[in-house]
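Have the structure open as you read.

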Amino acid sequence: MEVKSPIVEIKNLFKTYRKGNQIIPVLQDITLDIAEGEFIALMGPSGSGKSTLLNLIAGIDKADRGVIRVGGLDITILSETELARWRSTNVGFIFQFYNLIPVLTAFENVELPLLLTGLSKKERKEHAETALDIVNLSDRMEHYPGQLSGGQQQRVAIARAIVTDPGILVADEPTGDLDRASARDILDLMERLVHELGKTIIMVTHDPRAAEKAHVIRHLDKGVLNADIQTAH
Amino acid sequence: MQIFKLLIKNSFRHKLRTSLTVLGITIAILAFGLLRTVVSAWYAGVEASSATRLVTRNSISLIFFLPLSYREKIRQIPGVKNVSYAYWFGGVYISEKNFIPNFAVDAKTVFEMFPEFLLPEKQKNAFFRDRKACVAGRKIAEKYGWKIGDTITLKGTIFPGNWDFVLRGIYRGAYKGTDETQFFFHWDYLNEYLKKTTPHRADHVGWYTVTVKNPGLASDVAAAIDKTFKNSLAETVTETEKAFQLGFVSMTEAIVIAVQIVSFVVIIIIMAVMANTMAMTARERIGEYAIMKTLGFGGLHIAGLIFGESLVIAFTGCALGIALTYPAAGAFGDAMSTYFPVFNVQRQTIYMDLAATLIVGIAAAAFPAWRAVKLKIADGLRRIG
């Protein structure tokens, strides 16, 4: 694999949660670089802080200390509004439970992030159709989430994640709610996104089979990133 | 897809809950509209009064009479244009439940004084010619099936006996707010009876109606009339027709205030129901709001969706409520025409319906929207997982 410059640079990152008077450390002094076009899997036991790290990289949570630079921009200094705008164009999200809006069709769910872009209706249609085509769901555009299988719903979620053409995709247990065959399809699709579209994917998973698809596997334990860098390929 | 489409789809996502809330708002707006119309109807006489008409009555009370001789004296006061007079007859049609406002009037002047009572010239002349003639408003004529030429018998309560009148005219109101339930007959007819039975009560009237040449003269003319009869056996009080009507309304002011309070209580109750619906809705969608925020939608977008959904539900109920108010008011007005001769839904009532709906919609969504705006994405996502 060709080594590229880091698209995500994390330096000395700390995060705590407060529970009553108690302060619980979640992430401690995390330093991590993720190269552009890399597919990285974050693994670790429950409560190890992997989802928190993913949220911080994606700009949906705030660190206590440290720097997170994405594409050269320190996102820790951005306001909520700036972060929302930044997320809408730079990060795509894939969740364990798909999180589609049930009253919208597959097409409308994919179109949703484009409403913030100022594209015309025609342009939005083209983008949404292209995204659904990439995930092989062109024939399910008018279906509602409730009319789709879990695997199909996750593919719609992936189409929604890529429709604004973000450089980074964050995936939190993307196969956690799927059967083995569907999980394999989703992982294959994510691999394609990396290889064919050059996306950087940061995936949190418990599943070693899913992690095998990643270029790099990093382990977190009790909020600390292990030094071992496991290369899958 | 537009955000508005999502808003509409969200509004009707829980069909039963939304339908019940819409039904509640519909009933509340209907009740509010009817109660406000009752209040308006209470003031209908005040609203229909003319700025150029004055009413002169005995200063002791309306039930004390004034001599007929005052008419010429009033007519000669500068600024007076015309003078008419009337007597409250208090007759009952068949039985006491059939209340109709009936007056002995000066036939020659009554339709000059009250141009809002429209009577065809032919019927007017027929009324003038026949001393036993009467004229009835369109609504009571329709209610009792009276036709021109019918003999109508009123049972006298103040003036005992059965009184037969021949219906010579049916008047219509010139305006929507004109009372079409009144019944007039010749004062001369009553006076002849009084001359025979109780001569000391003859040649008296209940009150005078005076028109002035322009509204600006009203207070001067009123003062001049009362001054003219000061220290007489029957001193007078002269006031504008509006003040005279308000005097009647003020006797029942407590009822009007109670009706007004109830109308606002109805709105407060439905506001609580609507707030409950929106709170449940927003709580169920916390995860979706978190997802939308994740995708880049801001707090204002989310708040807009919640306020929009609340307003869609509230205004759907409001539209149905307003649509039902008109036929309901028509039926209510017909059933209660004895007490509310004019029962029209005022434009102001519709504006109040809309304003109340807007307040309900916004107030119900305010707290859920505030919570959704404050929601941290990570917390919202945890609720899904």
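Axes here are lines fitted to C-alpha atoms, for helices over the stretch in contact, and angles run from 0 to 180 degrees between N-to-C directions. Helices (H or I, at least four residues) and strands (E, at least two) are DSSP runs, numbered from the N terminus. This is a predicted model: local features need pLDDT of at least 70, side-chain atom pairs count only at pLDDT 80 or more, and totals for chains, interfaces and linings use all residues. Residues are numbered from 1 along each chain as its sequence is written, while chains are lettered from A and ligands numbered from 1 in the order in which they are written.

In chain B, helix H1 (residues 3-11) packs on helix H13 (residues 299-335) at about 55°, the axes being 9 Å apart. H1(B) brings Leu6(B), Leu7(B), Ile8(B), Asn10(B) and Ser11(B) to the contact, and H13(B) brings Leu305(B), Gly308(B), Glu309(B), Val312(B) and Ile313(B) (contact: C-beta atoms, placed from the backbone, within 7 Å).

## A sheet in chain A

Over in chain A, four strands make an open, antiparallel sheet in the order S2-S1-S4-S5 (strands pair if DSSP finds at least two bridges between them). S2 (22-35) and S5 (73-74) of chain A sit at the edges with a single partner strand each, so one side of each has no neighbour in the sheet. Two bridges join S4 (residues 65-70) of chain A to S5(A), and Arg69(A) has Asp74(A) as its bridge partner there.

## Where the chains meet

Contacts link 21 residues of chain A with 18 residues of chain B. On the chain A side, helices H2 (80-90) and H3 (106-111) each supply at least two residues, and H2(A) gives the most, with five.

Technical notes: Contact = placed C-beta atoms within 7 Å.
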